[in-house]
Amino acid sequence: MGVEVQLEVETEDLEQGLLDKVKSYCHQNIEETLSEDVMKQVVKCLLQENPDDLGGLTALRGFVYQYYVAMHYMVEMLYKENAWWTEVIFEFLDDVALLGKDKIRFVQVKTVREDGQDRHLKPSKLSKRESGLDSWLDTLFLNLPHYENRQKYINSHDSTSNELCVQFEIATNAPYDNKSLKLYAQNTSYQLSKSGIPEGDSLKTSLLKVYKKTIKEDGKVIGHQDIYFNNLVKQGADWCLERFHLKHLGFMDNLKEKIIGKISDYCKINLTLHDNDNSIESKLKSTNLFFGDGLLYDYVARKIFNKLLLRIIQRTHRDDLPNKHLLVFNKNEMEGWIMDWKQSALMEIQRDIEHTVQREQFSNCFKELKEEIATSWNLILKDDLMGTLTWMYDALEREASNGNPYVYEQFLNRLFHLNNSNIPSKQTLKDAIYLKESLKYMMVCLAFYPDRNFLFSNAQLLFKQGKQGEEAWNIFTLYNAREKETYAQALRRIIDRSKDCLFTQSLKHTYYCFVTHEEKKSSFSEGTNPFATLIPITHNHEDSEIDIVRQSENIKFQKVDILDDIIKRFNSSSNNRSFKDQEYRAAWHKLLNQ
């Protein structure tokens, strides 16, 4: 099986496993009927690291809340002063278990609809039984005997409940408004004394109430079986309640922000690269996009939050995992993940900033060219040039919004480096000038054509095309040597890249390649210029050696001097025609094909 096919199968398994979990949650916790499309939407949001996109799916926010509680304890585990546990066992038997050297805490996650009217917990909610010892409290305390029977699933921990300090917790988004629950909500030490539980306590009374299980035979009731809580949990109801804490973690959005805040603090305190001015952190802090460390690490923490959520889902998407150790998240691996994700997040942020800077560079160049057209160009040409320039800007923005966010990086890499990379191009102060000049040359070249197009492809070269009426498209490319190569060197480099580029090799017709800002200025022959008779102008050219380069048959190289000459002639006071003039268009084609 190929790697791609294998990855596809794994993705399908992940999606189906998570969907099965959502369905199970709906069956157990939601009275209303939800369509499978709604459930799939939740799965899509979670797997694409977009939990905030759940939007109005309030009925399933409780499902995601379970993950948030696990994340809360995983992040808390990183702080020595707060946490004694070194492992978080996600969905161990029921929900979450925290395990340390000599302690274990069973945490059951229970939620209420945050958009509901009655959101407060009452004792009856915790102790309501449906078909056995299945109340919230029953299932929480029954984790203990289950744990004793299933220690083999936990990393070589052989301690018994007698040797462990045992704690119980219901973690919930629901506040309480009942005095009898106050006792347990304030039991943050998980150590109530027996005298602390008042006589007639409603939770104790409910636990000790005998459940009469109906016994049927052939569909007929033939008797009842008395089931006692203290028989199933040998330590007894008092012992369990003394170790029980009702923990209100806040509504979903509040809990998320608490987790992000903890991650942010941990990254800032524990993982900052000290005294390294060349680190990504130092560079990002020096930008004016972040006001102090807080905003920077909040960005980082939000990216880490999404990575952690996805990692938990990947490890726990199936209840029938052959390797139960995948359900155990330990402190050491958490620390390693946070460090890796932090560096990855910083690099992503740096890249986003560089992307923004490069996009702004284009925007500034277009703005300066518009001002130049408005103030310095022949009045007759302004509409042609302004329309062409606006089209160029809109074409780039449209490509960016249509699924290619790195079109600006690719544009610069093709223009300056003859590659199609989406990595931000390293820029110098002069590169802004080179980019502006290159955009101006493209504008002039395309101004002759009423139909234009950028060829956004996987090509190494920067292609654009123009068309007049029913004629075939003329294809152009432009390479800016940035005064680092001679004309001949640039031509050799372009030819070499064109041989390696599948898109370039697929072009069957001649295309025109302009080289600009070469290291040595080359001359342009006035005698062969068809515009000379149309718009006379005087030139002073320096002689230069003509380099002979063996080139591909369908590449026709042109020196950018012809575009400079057009700019001078068209913008002269003696010119009274526009780019749309038929004689000018004919002269342009004659010039290209000399």
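Trainee: Which residues in α17 meet Leu563, Asp564, Ile566 and Ile567 in α20?

Mentor: Bear in mind that this is a predicted model. The contact of α17 with α20 divides into five nonpolar, no polar and two charged residues. On the α17 side, the residues that meet α20 are Lys440, Tyr441 and Val444.

Trainee: Is α17 roughly perpendicular or oblique to α20?

Mentor: Happy to work through that one. The axes of the two helices are 10 Å apart and pack at an angle of about 70 degrees. Angles of 65 to 115 degrees count as roughly perpendicular, so α17 is, relative to α20, roughly perpendicular.

Trainee: And how does helix α14 (residues 331-376) lie against helix α17 (residues 431-447), parallel or oblique?

Mentor: Their axes come within 10 Å and cross at roughly 55 degrees. That angle makes the placement of α14 against α17 oblique.

Trainee: How many charged residues does the contact of α14 with α17 have?

Mentor: Let's look at who takes part. α14 contributes residues including Glu368 and Glu372, while Asp431, Lys436 and Lys440 are among those from α17. Alongside nine nonpolar residues and one polar, the number of charged residues in this contact is five.

Trainee: Which residue caps the N-terminal end of α21?

Mentor: Helix α21 spans residues 582-592, and Tyr584, Trp588 and Leu592 are among its buried residues. What covers the buried residues includes α17 and α20, together with β11, β12 and β13. At the N-terminal end, a side-chain oxygen lies 2.9 Å from the backbone nitrogen of glutamate 583, and the residue supplying that oxygen is aspartate 581.

Notes. Residues are numbered from 1 along each chain as its sequence is written. This is a predicted model: local features need pLDDT of at least 70, side-chain atom pairs count only at pLDDT 80 or more; totals for chains, interfaces and linings use all residues. Side-chain values use heavy atoms; hydrogens and water are left out. Axes are lines fitted to C-alpha atoms, for helices over the stretch in contact, and angles run from 0 to 180 degrees between N-to-C directions. Helices (H or I, at least four residues) and strands (E, at least two) are DSSP runs, numbered from the N terminus. Angles under 35 degrees count as roughly parallel, over 145 as roughly antiparallel, 65 to 115 as roughly perpendicular and the rest as oblique. Contact means heavy atoms within 4.5 Å. Ala, Val, Leu, Ile, Met, Phe, Trp, Tyr, Cys and Pro count as nonpolar, Asp, Glu, Lys and Arg as charged, and the others, Gly among them, as polar. Buried means under 20% relative accessible area, exposed over 50%, partly exposed in between (1.4 Å probe, protein chains only). A polar contact is a pair of N or O atoms within 3.5 Å; within protein, one must be able to donate a hydrogen and the other to accept it, and residues adjacent in sequence count only if both atoms are side-chain atoms.
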